[in-house]
Amino acid sequence: MTHRTEARTTPQEPADAAALRRDRFGSLPERIRPEDTVETRPATVPDPARDTYNPDEWLIRYCG
């Protein structure tokens, strides 16, 4: 069962319906090149302070 909130109107003339379909679906959308769908960014420099090993980190994290 479908519930529609708006009343649908259909054109009475078959020629009118064909013209509406042609206006809506008569042409394909513009083609998108694959080069335009990819974004490239330069890689960031890794932060050496972030990845250093801290032997007391578990104390700070769990006991502090």
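Trainee: What puts Ile60 in helix H2?

Mentor: Ile60 falls within residues 57-63, the run that makes up H2. Helices here are DSSP runs of H or I with at least four residues, strands are E runs of at least two, and numbering goes from the N terminus. Keep in mind that this is a predicted model, where local features need pLDDT of at least 70, side-chain atom pairs count only at pLDDT 80 or more, and totals for chains, interfaces and linings use all residues. Residues are numbered from 1 along each chain as its sequence is written, and side-chain values use heavy atoms, with hydrogens and water left out.

Trainee: Why is Ile60 called exposed?

Mentor: Its relative accessible area is 58%. Exposed means over 50%, buried under 20%, and partly exposed in between (1.4 Å probe, protein chains only), so Ile60 counts as exposed.

Trainee: And what makes a nonpolar patch there?

Mentor: Trp58, Leu59, Ile60 and Tyr62 form it, with about 500 Å² of accessible area together. Patch residues need over 30% relative accessible area and no salt bridge; nonpolar side chains (Val, Leu, Ile, Met, Phe, Trp, Tyr) are joined within 5 Å, like charges within 9 Å. The areas come from the Shrake-Rupley method with a 1.4 Å probe, and for residues only the protein chains shown count as cover.

Trainee: Why say H1 lies largely in the open?

Mentor: One of its twelve residues is buried, so the helix is largely in the open. Across the protein chain, buried residues make up 2% of the 64 residues.

Trainee: What makes Glu39 and Arg41 a salt bridge?

Mentor: Their side chains meet at 3.0 Å, N to O. The cut-off is a side-chain nitrogen of Lys or Arg within 4 Å of a carboxyl oxygen of Asp or Glu, so the pair qualifies. Glu39 is exposed at 59%, and Arg41 is exposed at 68%.

Trainee: Which residues do shared partners join into one network?

Mentor: Arg33, Glu35 and Asp36. Arg33 meets Glu35 at 3.9 Å and Asp36 at 3.1 Å. Arg33 is partly exposed at 48%, whereas Glu35 is exposed at 55%.
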